[in-house]
Amino acid sequence: MAKKKLLKQQRINIKNKRASFDYEFIDVFTAGIVLTGTEIKSIRAGKASLVDTYCYFVQGEMWVKNMYVAQYLQGSYNNHVERRERKLLLNRKELRNLEADAKNPGFTIVPTRLYINENGLAKLDIALAKGKKEFDKRQTLKEKEDRREMDRARKF
């Protein structure tokens, strides 16, 4: 009983903060990931990163490339490769729509968040995104700074 409470308190939530700065998200999807045993143990320990990660299609299947999952410390010779390509699990309709949208110029698919759901499964939030121009990035920073100033003013 104590272990279940402890597991519920530890929420794994790994974000790709750079993606929201570089891209404007059009649509967000939740996908499952095909992982090995040592990979899921490392993710549950919080040893993963989504920096410089992107998704692509091969023969109608979506794959995530360059996702870092640290090797599991107690893993033996069965340990996984840290930056291997991992298959994403979406339904067929979502895959077809995403593939068609990603073929348009200026659009890409980027992972935004990696988390463990309430059933103990690793999920990856991916977004159909359009790249921001330099002035869009400046505008985003200005809006963020303005929100921070308003929050400070409300506290006092």
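**Notebook: chain overview and second largest pocket**

I began with the surface: the accessible surface of the chain comes to about 10900 Å², and carbon and sulfur atoms account for 50% of it. I note that the model is a predicted one.

Next I looked up burial. Of the 156 residues in the chain, 30% count as buried, where buried stands for under 20% relative accessible area.

I then recorded the extent of the C-alpha trace, which spans about 50 × 50 × 25 Å along its principal axes.

For secondary structure, I found five helices and nine strands in the chain. Reading along the sequence, I wrote down the pattern as α-β-α-β-α-β-β-β-β-β-α-β-β-α.

I also checked contacts between residues at least 6 apart in sequence; of these, 66% join residues at least 24 apart.

I turned to the second largest pocket, which holds about 180 Å³ of space. Its lining consists of Lys17, Ser20, Phe21, Thr140, Leu141, Lys144 and Arg147. Two elements, helix H2 (17-22) and helix H5 (134-155), each give two or more residues to this lining.

Which element supplies the largest share of the lining of the second largest pocket? I found that H5 does, with four residues.

How values were computed. Residues numbered from 1 in each chain as written. Predicted model: local features only at pLDDT ≥ 70, side-chain atom pairs only at ≥ 80, totals over all residues. Heavy atoms only, no water. 1 Å grid on protein atoms, 1.4 Å probe; cavity = no way out; pocket = protein on both sides within 12 Å on 5 of 7 lines; lining within 4 Å. Points joined across faces, edges and corners; volume = space filled by probe spheres on them. Buried < 20%, exposed > 50% of the residue type's maximum accessible area, 1.4 Å probe, protein only. Contact = heavy atoms within 4.5 Å. Areas by Shrake-Rupley, 256 points an atom, 1.4 Å probe, with all protein chains shown as cover.
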